[in-house]
Every structure is written in C-alpha cells, then in structure tokens.
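Take the sequence and the model together. The text below walks through selected helix contacts, the sheet and a few single residues.

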Amino acid sequence: MTRNFQTVPVVDVAGLTSSDPADRQAVADALGRAARVAGFLYVTGHGLDPALIDELLNAAQRYFAQPMDAKLASYIGRSINHSGYVPEGEEVFPGGKIDRKEAYDIGLDWPAGDVRAPMMGPNLWPQDEGFRTAASAYYCAISGLARRLFGGFALALGLPQDAFEAHLTCPPSQLRVIHYPFDPHAEPDQQGIGAHTDYEFFTLLHGTAPGLEVMNDEGRWIDCPPIAGAFVVNIGDMLEAWTNGEFVATSHRVRKVGEERYSFPFFATCDYWTVVAPHPAFVTAERPARYPALVSGDHLMAQTIATFGYLKDRRAGISDIPVFGQEAKTI
C-alpha cells in the first residue's frame, strides 16, 4: 500500500458510540484506512468538552510563566512514577539535539500503597491546585476517548470491538503538557522536537499553533496544522508491532517554533505487563512475524531511561534515588 500521502486524513468518530454495528464499522474502516496509509489522522466528533482544553491551557500558561526555581520545585527527578517538570535539555533522543521545549509529565495517578509495576504511583504535582484539577480532568476525559479509539482500531483490524479491553485495567498512559517558547534568536536548524516515532500504541494530541510535520514515504515533510475541534492521532511503535506492520508508526517532528506553542499529547498504551507481539491474524507464511515479542511497560521504560537525563543518572548511580522509586523495586 502506497504511503505517499500529501495531506493528513480526517475521520469523524462520533459513530463509534452508535447502537448500530454498521455505523461503528464505517468509522472503524475509515480509521483503518488512515492508519495504513498515513499512520496519522485527525479525529472529529469525539465529544470532549472544549472547556477542558481551555482550562488546561490556562493552567499551563500560568505554570510555565513562573520563575525557574518555582518550576523546579516539582522537578521530574523527584518523582517515583516519572511525573513532574521537565526543563529544556532534560530529555534528548539518542543521537539527537536538545529540543527547544519544556514540559510537565503526568501519569496515571495511582495510590502509593498499591503500586503494581514500575512507572506507577502517585503523581508529583505543583503547589498550584488549579493545575492539578485541570490536568486531572483532562487526563480522565482523554483516557475515555483513547479507550473508544482502541475499540475502533480493533474493529478496523477485523477483531471484536472489545479486543483490547482486558489490557486496559490500569495502563500507564502519559499526558505531557508541553510549552514551546518562541525564541527569535534560535539557531536556524533548532527544532521544537526532533524527528521520532512514539513508543506507545497511539497518541492523541491537541496543539495550539502550527509546527507539527509528518514524513511520507517520499521523504517529504507534510504539514499537520491544528484543526479547530479536532485531535491529531498517530500510530505508535507498539501498535505497529502488534499488527505486524499493518498499521505504521510514522516519523514526525516539530519544526523551529515561529510562535509560542502549547501541546498536549496523550500517549495511550496498555497495561504494563501486556505482551506485545504480532497478532496471529496478521502473521502468514507469506508475511512472517517481523517484530519480536516485548513487554509493553518494559519497552516504554527502556526507551524513557535512554532519553531522560535524571534516569541515566539514577542508573549510573550518580543519584541515590532508585530508577523508578522504592515502590517499584518491590514488584
């Protein structure tokens, strides 16, 4: 199938909640076409309250406008579940350059006494209670939409709509609140974030300004600007592996920021201990399994450790804090 797309497709997903199976399948078929041809799409008809986005944006603007000392009070290196403030330069893709951005990472807010896997536990929150309220409400709503999309992708692959449900009991999906400050003095090749694919099953993204670009099979960068009322969805590495390449994780980047930009990616994944391997439905003699089996959470953890400076320090013994906190060590 050719993947030389020139625009990112748009899919109205309202029909996923229809009582008519034909309506649900029609949406799923459109999701499947987009996942196969581009690996990227916009979704409309999702039903999320726009006020949730506005409240999170207001909270993000307030938080990132603080002095650095105030932001570092909730530095991610103090967390046990990879949550908190990420200053510029903390996160660098292997072999890449420092991205021009800062972020606040938020995970599934899980009780400290019931930690079931690494990267799980209570979030590290700033003192701003409004930030916690807005981010928690958004996390809950976007998680619900992700669950519906898991069902839609299952139908698109010819599987029951609930095929993923058994693996969605307490997934360590992550919400990132990202701020790309405008810097007129940035180097010409300075990017907001370098080219990469996402580690998880898929990503749901809201962005406030242009900058996101997607690479097609011709090696061309295709613009993916915000569309009012729509979320961008892109396939991640684990869904590509699970479908044996039926769906494709597409490389993308944020080009040099021409204006201040905020971005809220939600990285949807399955439970930590989910084994991800090509599903038998997509493996044949003519198309053997192309991806080795992996544990979803272990893959995510390994990629995260390779990217974040504070985790490299913990692993090297420079920090006396265990890689993912003492609770994680007791699993």
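In helix α6, Thr304, Ile305, Ala306 and Thr307 meet Gly309, Leu311, Lys312 and Arg315 of α7. Contact here means heavy atoms within 4.5 Å. Helices are DSSP runs of H or I with at least four residues, strands are E runs of at least two, and both are numbered from the N terminus. Helix α6 covers residues 296-307 and helix α7 residues 309-316; they pack at an angle of about 95°, with axes 5 Å apart. The axes are lines fitted to C-alpha atoms, for helices over the stretch in contact, and the angles run from 0 to 180 degrees between N-to-C directions. α6 and α7 are therefore roughly perpendicular to each other. That label covers 65 to 115 degrees; under 35 is roughly parallel, over 145 roughly antiparallel, and the rest oblique. By class, the residues of this contact of α6 with α7 are three nonpolar, three polar and two charged. Nonpolar means Ala, Val, Leu, Ile, Met, Phe, Trp, Tyr, Cys and Pro; charged means Asp, Glu, Lys and Arg; the others, Gly among them, are polar.

A word on the source. This is a predicted model, in which local features need pLDDT of at least 70 and side-chain atom pairs count only at pLDDT 80 or more, while totals for chains, interfaces and linings use all residues. Residues are numbered from 1 along each chain as its sequence is written, and side-chain values use heavy atoms, with hydrogens and water left out.

Now turn to helix α4. Helix α2 (residues 50-64) packs on helix α4 (residues 129-156) at about 140°, their axes 9 Å apart. That makes α2 oblique to α4. The crossing of α2 past α4 is left-handed: in such a crossing the near helix is turned anticlockwise from the far one by less than a right angle, and clockwise in a right-handed one. From α2 come Leu52, Ile53, Glu55, Leu56, Ala59, Ala60, Arg62 and Tyr63; α4 brings Gly130, Phe131, Ala134, Ala135, Ala137, Tyr138 and Ala141. Twelve residues of this contact of α2 with α4 are nonpolar, one is polar and two are charged.

Helix α1 (residues 21-37) also meets α4. Their axes come within 8 Å and cross at roughly 85°. α1 and α4 are therefore roughly perpendicular to each other. Arg24, Gln25, Ala28, Leu31, Gly32, Ala35 and Arg36 of α1 touch Leu149, Gly152, Phe153, Leu155 and Ala156 of α4. The contact of α1 with α4 has seven nonpolar, three polar and two charged residues.

Gly144 also belongs to helix α4. With 33% relative accessible area, Gly144 is partly exposed. Buried means under 20%, exposed over 50%, and partly exposed in between, for a 1.4 Å probe and protein chains only. Gly144 and Leu48 are 96 residues apart in sequence, yet 9.4 Å apart in space, C-alpha to C-alpha.

Next comes the sheet. Eight strands form an open sheet in the order β1-β2-β10-β7-β12-β5-β4-β3, with mixed pairing. Two strands pair if DSSP finds at least two bridges between them. β1 (10-12) and β3 (84-86) stand at the edges with a single partner strand each, so one side of each has no neighbour in the sheet. From one strand to the next, the twist averages 25°. Helix α2 lies across β3, β4, β5 (174-180), β7 (202-207), β10 (231-235) and β12 (261-268), and runs at about 115° to β12.

Follow β4 through its neighbours. Strand β4 (residues 102-106) is antiparallel to β3 and joined to it by three bridges. Gly84 has Asp105 of β4 as its bridge partner, and Tyr85 has Tyr104. On to β5: β4 and β5 pair in the antiparallel sense over five bridges. There, Tyr104 is partnered by Val177 of β5. Glu102, Tyr104 and Ile106 point one way from β4, Ala103 and Asp105 the other way, and all are buried. Five of the five residues of β4 are buried, so the strand is largely enclosed by the rest of the structure.

Which backbone angles stand out? Most residues other than glycine have a negative phi. Met119 has a positive phi, near 70°. Met119 sits in the loop between β4 and α4 and counts as buried, at 11% relative accessibility. Asn244 has a positive phi of about 55°. Asn244 lies in the loop between α5 (237-242) and β11 (252-254). Asn244 is buried, with a relative accessible area of 0%.
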